[in-house]
Amino acid sequence: MTRLVVIFLLALLQVGQAHSQDTAVIREFDEGTAALVDGRFHDALRAFESVESTGWASDALFYNMGLAHYRLDHLGQAIRYLEKAKWLNEDDERVLHSLNVAQSRQTDRFSTLPDPVWKNIQQWLVDTVPVRVAFLIGILCWFGFVGGWTVKTLAHHDSEWLRRGRWIALVLGLALIVHALASSVWPAYPDRAVVLSDQLTLHEQASSDAAEVIQVHEGLVVEVRAASPDWSFVEIPNGTRGWVPTPTLGDI
Amino acid sequence: MRLMHTSPLWAILIIGMALLTASSSLARQVDVHASVDATTIGTEESVSFTITIDGSDGSNVQIPEPPEAEGLTILQTIPRTQQSVSIVNGEMSRSFGFTWVYRPTAQGTARIGATTLTVENREYHTQPIQIQVIPQDQRPARPRQRDPFAQAFRNQFDQQADTAPAEPDETDLFIRAVPTRSSAWQNEQVVVEYRLFFREGIQLRQSRLTDSWDAEGFWREELEVETRPIPRIMVENGLRYNTIVLKRAAVFPTRAGELSVDPLKIESEAMMPFGSRDPFRSLFSMQTRFTPVQLESPEVTVESRPLPPDAPASFNGAVGAYAMTVNADRTSLEVGESMQLTVTVTGRGNLATMEAPVLDIPAAFDVYDPDVSTLLDRSGDLLTGSKTFRYILIPRTNGVFEIPPVTFSWFDPGVGRYRTSSSAPIPVTVTGTATSPLSVTATTNGLPVDDFAPLFTDASRWKQAEQGPLHRRWWTWTLMFLPLAVMGGALVWRRHQDRLVHDPRWARGRRAHPLSRKHLKQAMELLQSGDTKGYFEEVERAVLGFVGNRLDVAEKGLTRHQLDSLLRERGASESIRTRLQGLLDLCDRGRFAPASFSPENKEEAFDDASSLIPDLDEQLNA
């Protein structure tokens, strides 16, 4: 009984702490928004970055960060946070409109390479059954199968329906888990990043002395194929690939 | 304007001017040079040798001795003097000259030697001049001095040459192209001057360019020349020439390599000076003495070098010497009002093609394309001027902003390196809020055209940011493999249960110990309740039950002797068998004569049983 009381009190403490954390996040967001309204863009960014550092995210937070960066003429950062906002809420008109405005200032104009068919199928699958949802359902099916098997094994209780149920749970669970893990290892939507420097040169090798491939400019969204702390292997929209210094990119 | 001293009026004027400028004449630079009127003469002709003293009125000049000559004989040792005053662009210049006339003594190369002249107590030395003396019948026509003194001398000694009109040759009339430099950096300014040289006495009329002048590979800017030029006397190869500047052009190489500027070509009509003083001859030959001539300057070649590679980021191709200023007409305004940012670049170089400096205006401002105005000064030796870029900035939102420094870089050919000029940052305070003008430029959704939508004032949909891909999370693999552990555990448990059912011997062995503990616990409860007999029965049952389970025999039918034998066969030691027999005897006494036991004796039996059972278990398992 004593143990139960202690656990209950600890749980209450945890909930209280979480609530106070949430309150601080909202307060910081409101302070940043007020600074943004007043035109104090640096102050606004400081507040928003404080919220971002807590691990909380929202389309409003990222949109306002993009707006503050845009007002400070940080085109790359503006596009980066607007892309983040779009990732969280791809239907919001304000986000889409502002992203178009920011991208209209981007100087690079590349044709977009079409995705292969298998990529489209994978993206449809991920859009239909998101990775974490697939994993959760798969794990539940897997648990169901194991539970049924355990009952059968320990209680010597079995029937045709239970046997069919176990097999369906096993097949469905494994399929969903494999789908989730495969999409995690080979993402349907590859990691993307935004060019933050005014001008960036893609090199054939991960060295500034290597031959130059092409020059791109601030605000261009690239796909990151491989990354290390120093160099990243990126692909621009027309399919051209090359190495760039990692610090010149901002992840989305 | 040139005045000859032969007119009394001019002489008075000259004297007046000389008095007015007497104080400055001392400081004026004196230049002495010798010249002849021809470097090639016929055996029957004469040649005039003149020493000209520029910058002197002759007042402090000692009459020099005539220079010695080889192959020539002097006709008169006392020199003829001449003085002239010129006013060019408002600046007066004077010169004084001594002229001797020589006549060749033989065909071949003649030479007039150097001489020394003292001007204002300072000695000047002239250079010797060589003269070719050729047979008279090979003598080409040559110009004649318009100078009355020269005419006078010539009429005395050169009557024969006046009989036919002369045509100018390439030494009488030519165009010289002089670039300021023959090697230049790319886009560096090079001024090419085309100067017409013509011998004194030659008259020109109806001059015009015959071909369009071009300079491929260059950006070209014309420089001003005088529309009514006054000839300037220059000595070239010992000959005196009148010169005028025909054209001056600033050219800027647009690429590296050897580049050429086209020759300048003109057509004109030239008239050699009259050689005859016969009025009838002069009258009837006037129309025919102008001879058509075509002149062409040499081609000018400029070696253009590429600019060094270490150009700063703000460099946009400007080469020369520049200075930049940046001004804002206001630094405090309201949303929607405009301010003007003016960037002015002044200096020497190719201002026409200069691009606007890159501005880093905050995004809160709408920036319109600059209004560009260029002001070029073509009157100097080099092309100079200024270029002004006027930007209109309109803030879209309020706040305190800073227009970052405007940076302009250029290549300075004088020192051979890049230079950069940066302005100071300009703070701008914008007050007020966006008003109706913005709504005019709104989309159908009410969002501003070409600007961001309003900010989010409320955030309701919060979520924890993802901490990484699924396959890198520890709980992913825990959730996947935990059921396998459960399955393994269930399988083990099932097999255990099955063995308990199907293997009684193993099951009794597994049960031995727990049953003994159960009986001992019951014995203690009986002891505490005062049931001594029941207590000893439970103690005996615990011990014998354990032994029976371990030996897999029915312990109730065994005698003490049989029990001892079985234990001995299973390897139990003598001492533990003795302890077992002693405990069983004690239990028998306790059951049948319980009153003889003190409470300590009773508990001693319990302790013996508690220690004996593990010892037996150990030995029987060994």
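These legends describe close-up views of a predicted model. Local features need pLDDT of at least 70 and side-chain atom pairs count only at pLDDT 80 or more, whereas totals for chains, interfaces and linings use all residues. Residues are numbered from 1 along each chain as its sequence is written, with chains lettered from A and ligands numbered from 1 in the order in which they are written.

**View 1. Helix H3 of chain A, residues 59-71.** Helices are DSSP runs (H or I, at least four residues), numbered from the N terminus. The 13 residues of H3(A) reach 18 Å from first C-alpha to last, close to the 18 Å expected at 1.5 Å a residue (1.5 Å times one less than the number of residues). Because 13 of its 13 residues are buried, H3(A) is largely enclosed by the rest of the structure (buried: 20 or more other C-beta atoms within 10 Å of the residue's own, with C-beta atoms placed from the backbone). Asp73(A), which follows H3(A), has a positive phi near 65 degrees.

**View 2. Surroundings of Leu61(A).** Beyond its neighbours within four places in sequence, Leu61(A) is in contact with Phe29(A), Phe48(A), Val51(A), Glu52(A) and Ala459(B) (contact: C-beta atoms, placed from the backbone, within 7 Å).

**View 3. Helices H8 (residues 532-551) and H11 of chain B.** The two axes, lines fitted to C-alpha atoms over the stretch in contact, come within 10 Å and cross at roughly 5 degrees. That makes H8(B) roughly parallel to H11(B) (angles under 35 degrees). Among the residues of H8(B) that meet H11(B) are Tyr535(B) and Phe546(B). Buried residues in H11(B) include Ala605(B) and Leu616(B).

Methods:
Helices (H or I, at least four residues) and strands (E, at least two) are DSSP runs, numbered from the N terminus. A residue is buried if 20 or more other C-beta atoms lie within 10 Å of its own, exposed if 12 or fewer, and partly exposed in between; C-beta atoms are placed from the backbone. Two residues are in contact if their C-beta atoms, placed from the backbone, lie within 7 Å. Axes are lines fitted to C-alpha atoms, for helices over the stretch in contact, and angles run from 0 to 180 degrees between N-to-C directions. Angles under 35 degrees count as roughly parallel, over 145 as roughly antiparallel, 65 to 115 as roughly perpendicular and the rest as oblique.
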